Amino acid sequence: MPSLFSSTTHGCVKEKWHAWHRQCQEVCQNYTYINTNDTLGVILNILAGDEETIIKTSTFPENLMGLLLYNDPFQNQSKLALVTKRVELPDDVDKITELCHHIMTECWSDVLEILNDSWTETHLGHLLLAAGWLVDEDAGKDSDREVEICTDPIYYVICDYAEHLVSKYSMWHEAFDYLSVCGANKEIWMENLLKDPFIKDNVSFTKELLSFCQERQFNKVQRCLFKIMADTCEQNGDLYQATLHYARAKNYAKLDVLATGVLKNFLTQGTLEGLVSVEDRTAALSDSKTYAFLMLYEKFRDYLRTDRVEEASPLLLELFKIFSAPEEFRLVLLVDSLPYLISSTNYFNKKELYTLMHNYVLAFKTQDQSQYLSHYYSQHYPSEVAVEAKAIKRLLHTSLCYNLAVIMTA
């Protein structure tokens, strides 16, 4: 048999082997005394590359080597699993041989089952998943989901090991690295780990872990960490930073609550204290209905303050359209509309006046707003004589009716 490791070219080696292989086949065919119990006949069949003889002659390793040497020695590594599957295992095969067979045939689930060892399963499973050798059945599924899905057992083994790393050794980065191969559930399981009180009580480490997750684009985990930081800021009374963190966490419910707090403060104090400055704003703030309302109202107030009255009127109507504020704020907007209603210029058309009238009805429908109405009017539209709530309500009603009458008789 010619050397398969010759220094000559691959093509030359292949030609020499095929020439030798044909000679072996001729000798085997010419050996007329071959029978099933004839040792020489078996040897000749093996040399001739007879697959049936090779795979039934000896042990698994020898049978496999027989196929690779005498049947087709030019198979590449990618075909090794197919070649190995051609070799059958006996019923009484030992555990090590069976394990080798499963590894070579790339039956990784069977490998992990035979190992039956948590530590080995975890590390081999992590290696196979990270290298792409173990098929991820959950590939393509949304990893940003809120509810975990039922998945392959190896993922749960890795998850259990990650929890062990955190609970016993506080090895957070290592635990997240292990979970990073766990398909669609990875970020849900990471988020579960973040319920550990250690995270909440260590702001500096939370920021470090956040940087780690940003590098690996764990978006769901980032939002969870931002929420943890936001909760801490809120508890410490830093509502401004809390708002920024809730925005990064895309926690619109909390943004709505904080925006409502700013609006309620405006009702009593007359200032929009705590509102995020323009340079710090992100798109997520606009995704919160109440915060979007708050920012638009601030813009409206800014227009009034700079005497941009005509530009402010469309904003007033938009505020009624997207109304998302404490119910008392309808009165604020109605009072803010008075300068337009008593002006000699018609700022509103018939449809817009109907909108104002509808909100007038809503504002006074459920409760007596008289005390607050006079307070807000005197605070933002001061006069030498105190104006009672009833007079303000009557002025609103009369102005709305008058403007509508002018429009309809024009």
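At the start of helix α9, a side-chain oxygen of Asp 152 comes to within 3.1 Å of the backbone nitrogen of Ile 154. This contact, like every feature described here, belongs to a predicted model. Helix α9 covers residues 153–169, 17 residues in total. From the first C-alpha to the last, α9 reaches 24 Å, close to the 24 Å expected at 1.5 Å a residue. Just after α9, Ser 170 adopts a positive phi of about 55°.

Ile 154, Tyr 155, Val 157, Ile 158 and Cys 159 are buried. Tyr 161, Ala 162, Leu 165 and Val 166 are buried too. An α-helix has 3.6 residues a turn, so residues three or four places apart point the same way. The buried residues of α9 pack against four helices: α7 (108–115), α8 (118–131), α10 (172–179) and α11 (186–193).

Beyond its neighbours within four places in sequence, Leu 112 is in contact with Glu 121, Leu 124, Gly 125 and Ile 154.

Thr 206 belongs to helix α13 (residues 203–215). Its relative accessibility is 2%, so Thr 206 counts as buried. Leaving out residues up to four places away in sequence, Thr 206 touches Ile 199, Leu 225 and Met 229.

Aromatic pairs were examined next. The structure holds 20 of them. One is formed by Phe 266 and Phe 329, and this pair is tilted, at 5.8 Å centre to centre with 40° between the planes. The pair links distant parts of the chain, 63 residues apart. Phe 266 lies in helix α16 (residues 252–269), whereas Phe 329 lies in helix α20 (residues 329–341). Phe 266 counts as buried because its relative accessibility is 2%. Phe 329 is buried as well, at 0% relative accessibility.

A second pair joins Phe 293 and Phe 323. The ring centres are 5.5 Å apart and the planes stand at 80°, so this pair is edge-to-face. Phe 293 is in helix α18 (residues 289–305), and Phe 323 is in the loop between α19 (309–321) and α20, so the pair ties together parts that are 30 residues apart in sequence. Phe 293 is buried at 0% relative accessibility. Phe 323, with a relative accessible area of 17%, is also buried. Arg 330 lies over the face of Phe 323, at 4.2 Å from the ring centre.

Ring pairs link Phe 266, Phe 293, Tyr 297, Phe 300, Phe 323, Phe 329 and Tyr 376 into a cluster.

In soluble globular proteins, nonpolar side chains tend to be buried together. The largest nonpolar core here has 58 residues, and within it Tyr 297 and Phe 329 touch the most other members. Helix α20 supplies the largest share of this core, nine residues. Not counting residues up to four places away in sequence, Phe 329 touches Leu 263, Phe 266, Leu 267, Phe 293, Tyr 297 and Phe 323. Another core, of 43 residues, lies apart from the largest one. Its members include Leu 128, Leu 129, Cys 159 and Ala 249. Cys 159 is also one of the buried residues of α9.

Note on methods: Residues are numbered from 1 along each chain as its sequence is written. This is a predicted model: local features need pLDDT of at least 70, side-chain atom pairs count only at pLDDT 80 or more; totals for chains, interfaces and linings use all residues. Side-chain values use heavy atoms; hydrogens and water are left out. Helices (H or I, at least four residues) and strands (E, at least two) are DSSP runs, numbered from the N terminus. The expected span of a helix is 1.5 Å times one less than its number of residues. Buried means under 20% relative accessible area, exposed over 50%, partly exposed in between (1.4 Å probe, protein chains only). Contact means heavy atoms within 4.5 Å. A polar contact is a pair of N or O atoms within 3.5 Å; within protein, one must be able to donate a hydrogen and the other to accept it, and residues adjacent in sequence count only if both atoms are side-chain atoms. Rings of Phe, Tyr and Trp (its six-membered ring) pair if their centres lie within 6.5 Å; planes under 30 degrees apart count as stacked, over 60 as edge-to-face and the rest as tilted. A charge sits over a ring if NZ of Lys or CZ of Arg is within 6 Å of the ring centre and within 35 degrees of the ring normal. A nonpolar core is a set of buried Ala, Val, Leu, Ile, Met, Phe, Trp, Tyr and Cys residues joined through side-chain atoms within 4.5 Å.
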